Amino acid sequence: MAHTDWMIRGPEIASCNCSYGCPCQFNALPTDGTCRAAVGIQIEKGHYGKVKLDGLRLAATAAWPGPIHMGHGEIQPIVDERATPEQREALLKIMSGQDTEPGATFFQVFVSMCDTVHPPMFKKIDFNADMKSCVGHVSVPGVVEVKTEAIRNPVTGKPHHAKVSLRQGFEYTEAEYASGTIKSAGPIALNTVGKHAHMAMLHMTGQGVVR
Amino acid sequence: MARIDWLIVGKSFGNCNCDYGCPCQFESLPTHGACRGFEVFEIDIEARKATASIPGVLETEGRPIKSPATGQDHWVRIDMPGGIEFDIAEIGSGSATTKGAIAFTLKDSYGQFNRLRHHGGGVIH
């Protein structure tokens with residue numbers, strides 16, 4: 001079946017329960033053996049077929065009992081309440097890995113590693129990301145709050161800036177690594193302080209990350 | 001006192017006992033709480049391959065990380081604009097055996113391939 005053409009581009013904030021640097025980004029196992037994460041995306045420019053997605057936001061919380069590639073996870077998709085019915089359907093298709101080559105996007109990989117996809121929520125999503133300082137937040141009132149800031153050197157207290165590049169990444173090619181705090185009261189409860197976070201400019205289509 | 005001006009330029013392969021990605025690069029604590037590692041010189045950064053032998057002291061080998069999901073080589077790089085060791089490092093997998101005062105064995109743990117440009121003022125970025 002022919003895939004509907006889609007593209008999204010814009011900043012992303014992600015944070016998880018791993019220590020700074022998240023070993024999973026290097027194909028090592030998660031710091032405490034499990035993966036619990038929250039993500040927010042501001043689509044600056046995007047489309048799904050003829051449906052424009054410019055200016056809309058997405059968020060998700062997710063949890064796996066082990067490393068993501070061992071499966072059995074759950075995910076809670078959250079879609080911008082400002083989206084029209086057509087936009088909501090388009091965003092949920094992208095987030096659920098449809099119209100995407102297998103393994104091409106983190107949406108497709110994460111959903112295929114989940115046993116449970118909770119019914120989507122349509123909520124107000126606040127998003128702000130400053131790549132230079134690593135200060136940012138994703139806020140879905142009553143559901144999830146993510147805050148990020150620069151990692152600090154434990155000896156000098158100064159900001160520590162490190163960027164990670166993945167030539168074949170299915171989420172980003174380059175990301176600034178940061179410190180994140182997550183509080184989630186939704187069906188996937190998360191509560192982390194000073195753990196891994198990253199900020200990246202996403203640019204992807206159904207064929208994967210645009211490089 | 002005036003310092004003597006110095007400069008070293010080269011390639012470096014480092015291997016430590018941390019998991020791939022080495023949390024210390026991101027100001028976290030080492031994977032196993034303690035740090036055991038070394039650095040050697042003369043490697044192929046692009047291929048992420050290194051071997052070094054110092055008879056009676058060190059035998060080591062570096063290679064690309066393999067994805068546990070797909071088995072393919074994993075290409076991952078760390079950029080540290082204010083780094084005290086490197087500004088860009090390709091990350092791979094290392095194994096090593098050392099003897100002598102600091103003796104240890106590493107098997108498929110954090111391996112770092114980077115260009116080295118240091119002087120008394122730090123890394124030349």
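Residues are numbered from 1 along each chain as its sequence is written, with chains lettered from A and ligands numbered from 1 in the order in which they are written. Because the model is predicted, local features need pLDDT of at least 70 and side-chain atom pairs count only at pLDDT 80 or more, whereas totals for chains, interfaces and linings use all residues.

Across the interface, 24 residues of chain A are in contact with 22 residues of chain B, contact being defined by C-beta atoms, placed from the backbone, that lie within 7 Å. Strand 8 (residues 76–79) of chain B supplies four residues, the largest share of the side of chain B that touches chain A.

Within chain A, A:Ile68 is located in the loop that joins strand 5 (57–64) to strand 6 (73–80), and this residue counts as buried because 21 C-beta neighbours lie inside 10 Å, the cut-off being 20 or more other C-beta atoms within 10 Å, with C-beta atoms placed from the backbone. Of the 211 residues in chain A, 51% are buried. Residues up to four places away in sequence being left out, A:Ile68 touches A:Cys24, A:Cys35, A:Gly73, A:Phe110 and A:Met113.

Note on methods: Buried ≥ 20, exposed ≤ 12 C-beta atoms within 10 Å, placed from the backbone. Helix = DSSP H or I, 4+ residues; strand = E, 2+ residues; numbered from the N terminus. Contact = placed C-beta atoms within 7 Å.
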